[in-house]
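Subject: Structure handover

Hi,

Here is the structure I promised to pass on. Please open it next to this email, as my notes follow below.

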Amino acid sequence: MLKQKVVDALNKQIELEHFSSQLYLAMASWAETNGFEASGNFLYEHSDEERQHMLKLFRFVNDRGAHAIVPQSDQPKITYESIRAIYSEILEHEIMISNAISELVGVCIDERDFTTQNFLQWYVAEQIEEESLFRTVLDKLNLLGNDKASLFMFEKEIELMTNAMKESE
Ligand code: OFO
């Protein structure tokens with residue numbers, strides 16, 4: 001049986017993963033309607049991934065005899081300054097999520113819940129990957145520059161990354 005402090009912390013993380021999914025959906029919508037079709041597809045994929053992260057926690061909470069709560073959702077921003085602003089915001093957001101996962105692992109250690117701590121190792125590893133992925137995307141943007149031809153090439157790169165991501169699923 002999960003301790004209440006662990007259940008509360010897991011439900012808080014469910015809320016964060018849910019918000020990540022909504023945030024990336026809003027960003028996908030902006031990208032798609034502002035000429036960045038490849039980034040739109042990439043972000044739709046990421047929105048789906050975040051929903052999977054949320055569900056994995058959700059099912060774990062219920063499987064362990066507690067009650068997962070469907071979070072209330074804040075509306076993400078609708079418009080973004082640029083495609084660069086989107087990817088910078090994502091990297092910052094993912095760093096915040098990594099810190100939240102560390103806090104959650106800390107709660108499990110304090111409560112001596114080593115089963116949940118072990119389950120969360122998947123999220124610890126996933127966060128390293130996600131941060132690295134979005135650093136790579138920003139590096140590509142920085143290398144290519146901001147003119148139209150560079151952004152076109154950037155979108156081609158993102159399309160390749162999305163295809164690779166889908167193939168590895
Ligand atoms: Fe973006 O990663 Fe979930 O946890």
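Which residues form one aromatic cluster? They are Y24, F42, Y87, F134 and F154. Before you go further: this is a predicted model.

**Aromatic rings**

A search of the whole structure finds nine aromatic pairs. Take W30 and Y80 as one of them. Their ring centres are 6.5 Å apart and their planes stand at 75°, so the pair is edge-to-face. This pair links distant parts of the chain. W30 belongs to helix α1, while Y80 is in the loop between α2 and α3, 50 residues apart. Both W30 and Y80 are buried.

One charge is worth a look here too. K56 lies over the face of W122, and its distance from the ring centre is 4.5 Å.

**M27 in helix α1**

M27 is found in helix α1, which covers residues 4-33. Buried or exposed? M27 counts as buried, because its relative accessibility is 0% and the cut-off for buried is under 20%. Leaving out residues up to four places away in sequence, M27 touches L43, Y80, I86, E89 and I90. Y80 is also the ring partner of W30.

**Salt bridges**

How many salt bridges does the structure hold? There are five. Three of them are described here.

- E89 and K77: the closest N and O atoms are 3.0 Å apart. The pair links distant parts of the chain, twelve residues apart. E89 sits in helix α3 (residues 83-110), and K77 in the loop between α2 (37-63) and α3. E89 is partly exposed at 24% relative accessibility. K77 is partly exposed as well, at 44%.
- E131 and R135: the closest N and O atoms are 3.4 Å apart. Both residues are in helix α5 (residues 121-144), four residues apart, so about one helical turn separates them. E131 counts as buried, at 15% relative accessibility. R135 is partly exposed, at 38%.
- E157 and K140: the closest N and O atoms are 3.1 Å apart. This pair also links distant parts of the chain, with E157 in helix α6 (residues 148-167) and K140 in helix α5, 17 residues apart. Relative accessibility is 31% for E157, which is partly exposed. K140 is partly exposed too, at 24%.

Why can such pairs form at all? Side chains of opposite charge can pair when their charged atoms come close.

**Helix α6**

Start with its length. α6 has 20 residues, and at 1.5 Å a residue they should span 28 Å. The end C-alpha atoms are 29 Å apart, which agrees.

Which residues of α6 are buried? The list is S150, L151, F154, E155, I158, M161, T162 and M165. They cover an arc of only 140° around the axis, so they lie on the same side of α6. The background is simple: an α-helix has 3.6 residues a turn, so residues three or four places apart point the same way.

The opposite face tells the rest. Turned away from the buried side of α6 are the exposed residues A149, F152, L160 and E167. What covers the buried residues of α6? The cover includes α2, α3 and α5. F154, one of the buried residues, is also a member of the aromatic cluster.

**H46 in helix α2**

H46 has its place in helix α2. At 1% relative accessibility, H46 counts as buried. Which residues does H46 touch, not counting residues up to four places away in sequence? They are Y24, E130, L133, F134 and M165. Y24 and F134 also belong to the aromatic cluster. M165 is among the buried residues of α6.

**R112, a backbone point to check**

R112 has a positive phi of about 55°, although it is not a glycine. R112 lies in the loop between α3 and α4 (114-119). R112 is exposed, with a relative accessible area of 63%.

Best regards

Terms used. Residues numbered from 1 in each chain as written. Predicted model: local features only at pLDDT ≥ 70, side-chain atom pairs only at ≥ 80, totals over all residues. Heavy atoms only, no water. Salt bridge = Lys/Arg side-chain N within 4 Å of Asp/Glu carboxyl O. Helix = DSSP H or I, 4+ residues; strand = E, 2+ residues; numbered from the N terminus. Buried < 20%, exposed > 50% of the residue type's maximum accessible area, 1.4 Å probe, protein only. Expected span 1.5 Å × (residues − 1). Arc of directions from axis to C-beta. Contact = heavy atoms within 4.5 Å. Phe/Tyr/Trp six-rings, centres within 6.5 Å; stacked < 30°, edge-to-face > 60°. Lys NZ or Arg CZ within 6 Å of the ring centre and 35° of its normal.
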